[in-house]
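Reader: Please set out the architecture of this two-chain model in a sequence of questions and answers.

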Amino acid sequence: MKPRVAFFDFASCEGCQLNVINLEEKILDLISIVDVVTFREAMTERTDEYDIAFIEGSINRPMDEEKLKKIRANAKVLVALGACAHTGGVNKLRNQWPVENVKKEVYGDADIEGNPLFDAFQTKAVDECVKVDFYIPGCPIDRNEFARMVTQIAMGRTPKLPTYPVCVECKKNENICVFEYGEFCLGPITRAGCDAICPTNGEGCDGCRGYLDDPKMNAAKDVMLKYGITLDMMMKKLNMYNYKKEGY
Amino acid sequence: MSDEVNIHVEHLTRVEGHGDIFFNAKEGKVENVQWSVVEAPRFFEAMVRGKSYSSLQAITSRICGICSIGHSMSSLKASEAAMGVEISDQTKLLRRLGVHAENMQSHILHVGYLVSPDLFGVGSVFPLATTHKDAVLKIVGLHRLSNFMSDLICGRTIHPMRLTIGGFTMIPTIKELEDLKKRLIAAVEPTKEVAAIVLANADKLPDFKRETEYIALVTGKDYALYEGDIGSTDTDPVPPERYLEMTNEYVVPQSTAKYAKHSRDSFMTGALARFNINYEFLSPLAKEVAGMFGLKPICYNPYMNSVAQIVEFVDAIVDSIAIIDELLDTDMKYIRPKFEVRAGTGVGACEVPRGLLYHEYTINKMGNCVKANCIIPTNQNHGNIQHDFEAIAPTLVGKPEKEIELTLEMLVRAYDPCISCSTHYLNVRFR
């Protein structure tokens, strides 16, 4: 029997699931090896019987955490899909303020006290709530990497992510280093796998795929010093997808 | 048979985000009908406080995967207005191409993948790949072209990185634009064929009308998308800086997305609103396609929004070809944007697939954002969906539950809500 696949989304832009839809005809190849049984963004049918669960989004409320725990209990394999699920993504930017502060900023004096829909806590990555088996990083995910990883998971293999930085792919693409334009780039410490898509389009890397397990931080600091990057600039970039990531 | 009907559609499918529908009727009377947005709130306006002008586009584009190009456009326009940054004619032409690319991508996704299963009576587009393979392949082809165009102009269809304050980080080559033009010309026939397929099944769209206000950008000289004043079917246009007069947001307990109103209890924004307000500026080809469906302004049937999207898809192809010709006539060159950071407040208003999107930022002299406001089209439409529900519900009493459910679901889907945007969620509940 083909493994049954379900997609779920929490606080996110649903861009990662959209990138799955953006596989176009390749989806037809994928559904020859897996059965998509739940995918709210694209189909009406749904079920609690599935083998592989893909989770998009970070976790914002007790009601969401409870739902995630049920999914974990149902799924044999749970995959964090995209930056929000993987690291908390940009959603974590708000964690630098207490929840009451951000609620007040957005909803003002509206009466939302005690309403469960608005009962947000500081946002959490998926692995801060339940065990995650595999991660597909990126904001958004790279659709080819997704197709490759789904194939590997469906075949019972352990999918592997690159262990080298974005700079390797950037050099291979023969780009001019964006530091030369006076931009700041997290390529030196960020996990490759995106084919250095941002620097290749003239924009510095924001680190959406998360850091390497063993990033060469001292070398990265030397590069920052050489190009006169201020601590403030650096911290803002570091926080964008990796807020309060341990060790930095 | 019980005379009590309780329906709850939890997490409506084939929409972006999470929303619920509730419908309760007793003894032939509607007791409650409600559109509820249950999406987890994300607090973007709070998030960007203290962030550098240089990261506002990248952060706010993450509000929505489907319309991230639109968010980028409104964001850049707001930052540019705040800091007094001018853009070149070339940049504006390229940005208009980017807006078309995203509208095409989003409209064909909505009509082809999300709405068409309702017209064919199935749960998703997947079974149609077997039963209506030719039609699905045409839709996939148009979707791929739209994504190709988004990638080419904006760097990426989801979370574009080439769009930056003052211009672009990279632009397409002349050869790439010539190639794009050829592909757009080749897309005209398949688009008409897809329109014909939808037309053949358009009897599934309910014949429902409710008079309401429509709001869209206007310039008085074109089918306004990238810029313009804020026009309405009820009132005179106002400049974008006065957007708060048009939106009047408020919070309702059943929704983590805010609602909006202007001259009436609610209004509609999006393809149908633009069509109703700017019809005269559509290309002859787009008018021809509208004519196939008998669609004329002012159309008060919200289900026809999907048809207006097809009309806009055609118009986007025609206008994109004209823009490419204009770019090829000029001496295209790339200049990396340079500008001075200045303190100020600015508004960016842009038409995106689901309607009028506003971003407003206050930037301090250090270049950091101290205040942000983003008002999203779907938020502006939530109130109108609710009022449509209240108008259509009494006509549904006595019908089979499945039919009531489908009619309400299709109504919400017609608005193409982007609930992530509006905070992000949709559920139908017959309790």
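Reader: Which residue stands opposite B:Glu213 in β8(B)?

Author: In this predicted model, local features need pLDDT of at least 70 and side-chain atom pairs count only at pLDDT 80 or more, while totals for chains, interfaces and linings use all residues. Residues are numbered from 1 along each chain as its sequence is written, and chains are lettered from A and ligands numbered from 1 in the order in which they are written. Strand β6 (residues 213–218) of chain B pairs in the parallel sense with strand β8 (residues 267–268) over two bridges; helices (H or I, at least four residues) and strands (E, at least two) are DSSP runs numbered from the N terminus, and two strands pair if DSSP finds at least two bridges between them. Within β8(B), the residue opposite B:Glu213 is B:Phe267.

Reader: How many residues of β6(B) are buried?

Author: A residue is buried if 20 or more other C-beta atoms lie within 10 Å of its own, exposed if 12 or fewer, and partly exposed in between, with C-beta atoms placed from the backbone. By this criterion β6(B) is mostly covered. Of its six residues, the number buried is six.

Reader: Is B:Cys64 buried or exposed?

Author: B:Cys64 lies in the loop between α2 and α3 (68–83) of chain B. From B:Gly346 it is 282 residues apart in sequence and 22 Å apart in space, C-alpha to C-alpha. Because 33 other C-beta atoms lie within 10 Å, B:Cys64 is buried.

Reader: What radius of gyration does chain B have?

Author: Chain B contains 14 helices and 12 strands, and buried residues make up 59% of its 431 residues. The radius of gyration is taken over C-alpha atoms, and the globule rule is 2.2 Å times the number of residues to the power 0.38. A compact globule of 431 residues would have a value near 22 Å, with which chain B agrees at 21 Å.

Reader: Which element gives the largest share of the side of chain B that touches chain A?

Author: The contact takes 48 residues from chain B and 49 residues from chain A. On the chain B side, the elements that give two or more residues are α1 (44–47), α2 (53–61), α5 (125–131) and α6 (133–154). The largest share, four residues, comes from α6(B).

Reader: Why does chain A count as being as compact as a globular protein of its length?

Author: Chain A has 10 helices and five strands. For its 248 residues the globule rule gives 18 Å, and the radius of gyration of chain A is close to this, so the chain is as compact as a globular protein of that length, at 19 Å.

Reader: What distance separates the centres of domain 1 and domain 2 of chain A?

Author: The domain bounds, which come from an automatic or database domain assignment, are 4–154 for domain 1 and 166–242 for domain 2 of chain A. Contacts between them involve 11 residues of domain 1 and 10 residues of domain 2. Taken over C-alpha atoms, the centres of the two domains are separated by 26 Å.

How values were computed
Two residues are in contact if their C-beta atoms, placed from the backbone, lie within 7 Å.
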